[in-house]
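User: I'm new to this one and would like a quick tour. Could you take me through it in a few questions and answers?

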Amino acid sequence: MTDSNTAFRKTGDAAISESPLHPRRRSRRIMVGPVPVGGGAPVSVQSMTNTVTADANATLRQIGELAQAGCDIVRVAVPSQDDADALPSIVAKSPIPVIADIHFQSKYVFQAIDAGCAAVRVNPGNIRKFDQVGPDICKAATDAGISLRIGVNAGSLDKALYAKYGGPTPEALVASALKEAHMFEDVGFHDFKISVKHHDVVTMVQTYRLLASKGDWPLHLGVTEAGPAWQGTIKSCLAFGSLLSEGIGDTIRVSLSAPPVEEVKVGCKLLEYLGLRARKFDIISCPSCGRAQVDVIQLANAVTDGLKGITAPIRVAVMGCIVNGPGEAREADLGVASGNGKGQIFIKGKVIETVPEDRIVDTLLDKAHEIAERMKEEAEANGTPLEGAGPVVVPIQDPKAGTVVR
């Protein structure tokens with residue numbers, strides 16, 4: 001197993017990370033490098049590079065961007081020998097654990113394990129002669145102390161199962177996943193997680209619910225081929241929100257036809273809003289309507305753009321009318337209630353000044369940076385992380401003993 005004391009960025013606390021909406025499903029725990037997956041571990045965010053893996057420098061630059069955005073685990077494609085040859089360099093320099101994504105060629109699986117990858121994604125359905133090489137893969141993974149990811153996508157469902165169930169139905173996808181799981185378990189290998197992806201939200205949710213009822217494997221959530229950024233974000237939030245709010249899911253990847261860093265941003269915010277990850281910077285702004293006496297859209301966009309570098313857990317309210325404006329601004333760390341050509345600036349519920357409309361943005365940005373700097377100083381003085389790095393860890397009440405356990 002990879003040494004957890006290496007220079008990887010840790011993913012929060014390895015203790016139980018509970019949802020405020022529903023008890024987490026109890027799954028067994030595996031490790032992806034130092035990042036725990038399952039067994040109540042914090043829900044981790046994954047993405048996948050879109051560079052040519054053989055270009056190690058370009059791949060590492062993108063991994064760095066993903067890590068900076070909050071990515072916990074990164075997957076790289078290994079479709080060629082050149083890609084496999086680049087893995088040792090990438091693994092050695094990556095700030096987060098690297099998973100090799102391998103199809104068709106089993107020899108790349110062994111190369112990835114030898115390269116020190118934290119895990120390998122294998123697809124038993126398209127690995128040639130998997131019934132023969134599968135046990136050897138399991139032995140190599142066991143000897144190296146790494147985990148695997150298995151599972152099926154709707155687009156690569158076994159033909160026999162497709163015919164039996166009349167398509168990629170939840171029952172067909174789960175049957176395929178169970179078949180793969182038993183292949184590994186029959187040779188004594190248990191350090192794997194499962195994904196059962198589908199592009200349709202309803203089918204995907206039904207599939208994961210069914211699979212979750214069949215065993216204790218850690219589950220990797222994904223809506224495959226989710227589409228362009230706006231569409232894929234909606235699909236992923238609906239599917240992940242449904243499952244995570246039921247306690248199902250141990251690690252997620254938001255699949256978008258967009259730069260990978262956008263996947264990470266969506267995934268991290270999704271977990272924040274579900275209470276599964278500590279909140280960072282957040283902006284509240286009202287929709288534009290006929291009551292607004294300022295250009296709320298322009299104002300909110302300007303403030304968001306001006307504060308895009310802020311990572312401190314500041315909540316900023318940008319409001320445009322007198323109905324909800326003062327109340328929302330009062331509840332935020334920093335806010336403005338705008339109207340009649342001016343804006344009342346609130347900090348922690350108190351009006352600190354009233355400024356002309358053309359000074360609202362600059363005033364909010366100045367105050368936000370002041371608050372962020374103060375938070376940073378307080379965090380350093382207390383020895384606590386500024387950004388609330390990693391998911392929220394909530395003590396669990398033991399219903400029998402009435403005590404708090406971790």
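**A first look around**

User: Where is Leu238 found, and is Leu238 buried, partly exposed or exposed?
Analyst: Keep in mind that we're looking at a predicted model. Leu238 is found in helix 8, which covers residues 229-244. Buried would need under 20% relative accessible area and exposed over 50%. Because its relative accessibility is 49%, Leu238 counts as partly exposed.

User: Which residues form a nonpolar patch on the surface, and with about how much accessible area together?
Analyst: Leu238 is one of the members.

User: Which residues touch the most other members of the largest nonpolar core?
Analyst: That core holds 79 residues. Helix 6 (residues 170-185) gives the most to this core, with seven residues. For the most touches to other members, though, the names to know are Ile194 and Phe240.

User: What does Phe240 touch, leaving out residues up to four places away in sequence?
Analyst: Touching here means heavy atoms within 4.5 Å. With those sequence neighbours left out, the list for Phe240 includes Met204, Leu221, Gly222, Val223 and Ser245. Also on that list are Ile252, Arg253, Val254 and Leu270.

User: How many of the protein's 406 residues are buried, as a percentage?
Analyst: For a bit of background, nonpolar side chains tend to be buried together in soluble globular proteins. In this protein, the secondary structure comes to 12 helices and 17 strands. Across the 406 residues, the buried share is 51%.

Methods
Residues are numbered from 1 along each chain as its sequence is written. This is a predicted model: local features need pLDDT of at least 70, side-chain atom pairs count only at pLDDT 80 or more; totals for chains, interfaces and linings use all residues. Side-chain values use heavy atoms; hydrogens and water are left out. Helices (H or I, at least four residues) and strands (E, at least two) are DSSP runs, numbered from the N terminus. Buried means under 20% relative accessible area, exposed over 50%, partly exposed in between (1.4 Å probe, protein chains only). Patches are made of residues with over 30% relative accessible area and no salt bridge: like charges are joined within 9 Å, nonpolar side chains (Val, Leu, Ile, Met, Phe, Trp, Tyr) within 5 Å. Accessible areas come from the Shrake-Rupley method with a 1.4 Å probe; for residues, only the protein chains shown count as cover. A salt bridge is a side-chain nitrogen of Lys or Arg within 4 Å of a carboxyl oxygen of Asp or Glu. A nonpolar core is a set of buried Ala, Val, Leu, Ile, Met, Phe, Trp, Tyr and Cys residues joined through side-chain atoms within 4.5 Å.
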